[in-house]
Amino acid sequence: MDWLTGIIPDIPTPFDETGAVDLGAFARLCERQMRAGVSAIVVGETSGEFNTLSWDERETIIRAATEVAGGQARVIAGAGSNSTGQAAAWARRAEAAGADALLSVVPYYNKPMQAGIEAHFRTIADATALPIILHDDPSRTIRGLSDDTLATLSQSPQFIGVKDSTGDLSRPARLRSRVPALFRLLSGNDPTALAFLCSGGDGCISILSNVAPSACRDMLSSYEQGRMPAARQWQQRLSRLAECLAAENPAAVKYVLSLLGLMRPDTRLPLVGLSDQAKAKVADAILEIGENDLTRDERNVSRAISARDLAYSSAPGDIS
């Protein structure tokens, strides 16, 4: 399970001017992460706007990601639904499309009891041979995955980890003795990723890595090497942008990536582009990181990124 550690990007799904999935832009985003040396990527999940993707579109991006990864990194496919039958069917299709693992969220809207949540995940596991990462995000699902339910599910080797988006930094220490040694505890919150690691976590499924993969890697390396002052310094520099991206995910990350010339900023309704006020906040956050650290992953950045560009960028869709 060494691959399910560190910083794992949650890749957004780019759309072209007609609203269709832009596979060329999607491949560029995946290639950028391969150059940064990630061990895995997540596709078709929260940042990927999975709820507005058709099943055919989901399969298409899994195949595209698998082709780009070429065995260099694992492809984790979002496979969540509040319908257990649909989630199980999607798990089978994701497996057929070439995914290496699944990320499956607690059923949303229905407000199931813990017994129902456990039965939901076990039904999905029965439908596929793929390993499953559980996703606990009560801010989106209303009901959370309790420690007891998580500990019970973790005893099955098919459940290999959890993306914890609860914001509870005491949870890794609380869970570590209750789950198998190889069960991975992954943060779903960039702003507190370092604190999560220090509390016993294994990594982070990250929005921020889409924007600054090398900077995220440097923070992780500093932590792993025991250079905590350097790790904290990186976290401090990245935290403001991380908060902006988390507050308006995926519109904010798409906006910044559009400024890098990597994709259009378009989202699908009911999501819309950033307001001018939100763009200004992103501009201020970018300045705290510095242009060099933001663009050092790029081979062909067509223009410099300045605070003025960010704060007063033209209408969504214009990445010239």
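Entry 1: G78 itself belongs to strand 3 (residues 74-78). Strands 3 and 4 pair in the parallel sense over 3 bridges, where pairing requires DSSP to find at least two bridges between two strands.

A note on my source: this is a predicted model, so local features need pLDDT of at least 70 and side-chain atom pairs count only at pLDDT 80 or more, while totals for chains, interfaces and linings use all residues. Residues are numbered from 1 along each chain as its sequence is written, and side-chain values use heavy atoms, with hydrogens and water left out.

Entry 2: Is G78 buried or exposed? G78 counts as buried, at 2% relative accessibility. My cut-offs are under 20% relative accessible area for buried, over 50% for exposed and partly exposed in between, with a 1.4 Å probe and protein chains only. Leaving out residues up to four places away in sequence, I find G78 touching V43, G44, E45, R58, W90 and L103; contact here means heavy atoms within 4.5 Å. W90 on that list is 12 residues from G78 in sequence, and their C-alpha atoms are 9.2 Å apart.

**Entry 3: strand 4.** I next asked how many residues of strand 4 (residues 101-105) are buried. The count is 5 of the 5, so strand 4 is largely enclosed by the rest of the structure. Side chains in a regular strand alternate between the two faces of the sheet. Here A101, L103 and V105 point one way, L102 and S104 point the other way, and all are buried.

Strand 4 also pairs with strand 5 (residues 132-136), in the parallel sense over 4 bridges. In that pairing S104 stands opposite L134.

I then checked the crossovers. Strand 3, helix 3 and strand 4 make a right-handed β-α-β unit. Right-handed means that, with the strands pointing away from the viewer, the path from the first strand over the helix to the second runs clockwise. Strand 4, helix 4 (residues 114-127) and strand 5 make a right-handed β-α-β unit as well.

Entry 4: My search of the whole structure for aromatic pairs gave 1. W55 and W90 form it, and the pair is tilted, at 6.4 Å centre to centre with 50 degrees between the planes. The pair joins distant parts of the chain, with W55 in helix 2 (residues 55-69) and W90 in helix 3 (residues 84-97), 35 residues apart. For the record, rings of Phe, Tyr and Trp (its six-membered ring) pair if their centres lie within 6.5 Å, and planes under 30 degrees apart count as stacked, over 60 as edge-to-face and the rest as tilted.

W90 is buried at 2% relative accessibility, whereas W55 is partly exposed at 30%. I also found the charged end of R58 over the ring of W90, 5.1 Å from its centre. To count, NZ of Lys or CZ of Arg must be within 6 Å of the ring centre and within 35 degrees of the ring normal.

**Entry 5: cysteines.** How many disulfides does a search of the whole structure find? I found 0, taking a disulfide as a pair of cysteine sulfur atoms within 2.5 Å. For C198 the closest cysteine sulfur is in C204, and at 13 Å that is too far for a bond. C204 is in no disulfide either, as the nearest cysteine sulfur, that of C216, is 7.9 Å away. C198 is partly exposed at 45% relative accessible area, while C204 is buried at 1%.

Entry 6: Most residues other than glycine have a negative phi, and most peptide bonds are trans. I looked for departures from that.

- N249 and P250 are joined by a cis peptide bond, with omega about 5 degrees; P250 is in the loop between helix 10 (228-247) and helix 11 (251-259).
- L269 and P270 are joined by a cis peptide bond, with omega about 15 degrees; P270 is in the loop between helix 11 and helix 12 (276-289).
- K111 has a positive phi of about 55 degrees and is in the loop between strand 4 and helix 4.
- I142 has a positive phi near 75 degrees and is exposed, at 52% relative accessible area.

Notes. Helix = DSSP H or I, 4+ residues; strand = E, 2+ residues; numbered from the N terminus.
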